[in-house]
Amino acid sequence: MGNLLFELRGNMNNLFVYEDKIIFKFLTDEKVIDKVDIESVEFSKASIWKNGYLSLGVKGEIKNSNGIRGAANDLRSIVFFPKQNELAENVYNHIRTLIEENKKNMSTIINQFQSFSSADELRKFKQLLDDGIITQEEFDEKKINNHFSK
């Protein structure tokens, strides 16, 4: 487990943010979420009239969409008091950064896969050309189409 970055104490649970995961701890339960599985974060500041909350959307799980009412009963959420607004907002901003990093990493992986697929496809067409199955013109057309399809 990575270093502890944030610890937010809530009304009914605690939130621990590590470099590589987030843990929600309740009295009798615990929810561990790997940082690459976080898809969204919802945040509402607390005020003198209402508590605040922070809720995560996680890959493969149904997202809480009931605001603070849903957050109070959700293992991927924390409800907090006004005095914790600054810390909660720092946690929220950190999680948003993680989500952006996840998107960039996924985009890089997809681009690498597409690049590999394009190169692999060109190799196959070159082999067809060398075997005399397609003409040089057909190969050149495939090269052009492959280059512009990226």
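Two strands pair if DSSP finds at least two bridges between them. Strands (E, at least two residues) and helices (H or I, at least four) are DSSP runs, numbered from the N terminus. The views below show a predicted model, in which local features need pLDDT of at least 70, side-chain atom pairs count only at pLDDT 80 or more, and totals for chains, interfaces and linings use all residues. Residues are numbered from 1 along each chain as its sequence is written, and side-chain values use heavy atoms, with hydrogens and water left out.

**View 1. The protein chain has three helices and seven strands.**
From the N terminus on, its elements run β-β-β-β-β-β-α-β-α-α. The chain has 150 residues, and 35% of them count as buried. Buried means under 20% relative accessible area, exposed means over 50%, and partly exposed lies in between (1.4 Å probe, protein chains only). Contact means heavy atoms within 4.5 Å. Among contacts in the chain with a separation of 6 or more, 44% join residues 24 or more positions apart.

**View 2. Three strands form an open sheet in the order 5-6-7, with antiparallel pairing.**
Strand 5 (38-44) and strand 7 (77-80) stand at the edges. Each has a single partner strand, so one side of each is left without a neighbour in the sheet. On average, neighbouring strands of this sheet are turned by 10° against each other, direction ignored. The axes behind this angle are lines fitted to C-alpha atoms, for helices over the stretch in contact; angles run from 0 to 180 degrees between N-to-C directions. Strands of a sheet pair through backbone hydrogen bonds, either parallel or antiparallel.

**View 3. Strand 6 (residues 52-58) pairs with strand 5 and with strand 7.**
With strand 5, strand 6 forms six bridges in the antiparallel sense. Serine 44 stands opposite tyrosine 53 of strand 6. With strand 7, strand 6 forms four bridges, again antiparallel. Here leucine 54 has isoleucine 78 of strand 7 as its bridge partner. Seven of the seven residues of strand 6 are buried. Gly52, Leu54, Leu56 and Val58 point one way, while Tyr53, Ser55 and Gly57 point the other way.

**View 4. The largest nonpolar core has 22 residues.**
Such a core is a set of buried Ala, Val, Leu, Ile, Met, Phe, Trp, Tyr and Cys residues joined through side-chain atoms within 4.5 Å. Leu15, Ile22, Ile38, Leu54, Leu56 and Ile95 have the most contacts inside it. Several elements each supply at least two residues of this core, including strand 1 (4-9), strand 2 (14-18), strand 3 (21-25) and helix 2 (85-130). Helix 2 gives the largest share, six residues. Look at leucine 54: not counting residues up to four places away in sequence, the residues it touches include Leu15, Val41, Phe43, Ile78, Phe80, Val91 and Ile95.

**View 5. Strand 7 gives three residues to the lining of the largest cavity, the most of any element.**
The lining residues are Asn11, Met12, Asn13, Phe26, Ala71, Ala72, Ser77, Ile78 and Val79. On a 1 Å grid over the protein atoms alone, a cavity is a set of points where a 1.4 Å probe fits but cannot get out, and lining residues have an atom within 4 Å of a point.

**View 6. Glutamine 127 lies in helix 2.**
This residue is partly exposed, with a relative accessible area of 43%. Glutamine 127 and phenylalanine 139 are twelve residues apart along the chain, and their C-alpha atoms are separated by 9.9 Å.

Technical notes
1 Å grid on protein atoms, 1.4 Å probe; cavity = no way out; pocket = protein on both sides within 12 Å on 5 of 7 lines; lining within 4 Å.
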